[in-house]
Amino acid sequence: EVQLVESGGGLVQAGGSLTLSCTASGFTFDDHAIGWFRQAPGKEREGVSCISTRDGTYYADSVKGRFTISSDSAKNMVYLQMNGLKPEDTAVYYCAQAHFVSHHSWYRPFKYDHWGQGTQVTVSS
């Protein structure tokens, strides 16, 4: 069974850094794309970043230059390094699995078949 588990969330001051991890089982990253999404209270789920061996990496405009996505296929893990955090980055962060993505679709939740439980990131001002 496909499972994804996020970890690494917490409380950090504005300008600080945090690294999130997504640990997968039941599939290998080499044949799939893994996306990071976030959802703040009262707001829609938002695509943050995505990584795919086939298609490369993608970032939302709001996080370009601050966040970096990476993967370790041997360990079936994906990471999101978040630097220069802002209060507006506060949200629950989810990792999710997709089979095919493009620059037109990576940020659309319906492309993703499985989701983790989420990890809370809180950035204080």
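Predicted model: local features only at pLDDT ≥ 70, side-chain atom pairs only at ≥ 80, totals over all residues.

Me: Where does His 32 lie?

Reply: His 32 is in the loop between strand 3 (18-25) and strand 4 (33-39). Strands here are DSSP runs of E, at least two residues, numbered from the N terminus.

Me: Is His 32 buried or exposed?

Reply: Buried, at a relative accessible area of 13%. Buried means under 20% relative accessible area and exposed over 50%, with partly exposed in between (1.4 Å probe, protein chains only).

Me: And what is His 32 in contact with, leaving aside neighbours within four places in sequence?

Reply: Phe 27, Ile 51, Ser 52, Gln 97, Ala 98 and His 99. Contact means heavy atoms within 4.5 Å.

Me: Switching to Arg 66, where does that one lie?

Reply: Arg 66 sits in the loop between strand 6 (56-59) and strand 7 (67-72). Arg 66 is buried, with a relative accessible area of 12%. Beyond four places in sequence, its contacts include Gln 81, Met 82 and Asp 89.

Me: How far apart are Arg 66 and Thr 23?

Reply: 43 residues in sequence and 22 Å in space, C-alpha to C-alpha.

Me: Last one: what is phi of Asn 76 near?

Reply: Near 55°, a positive value in a residue other than glycine. Most residues other than glycine have a negative phi. Asn 76 is in the loop between strand 7 and strand 8 (77-82), and counts as buried at 11% relative accessibility.

Key: Residues numbered from 1 in each chain as written. Heavy atoms only, no water. Helix = DSSP H or I, 4+ residues; strand = E, 2+ residues; numbered from the N terminus.
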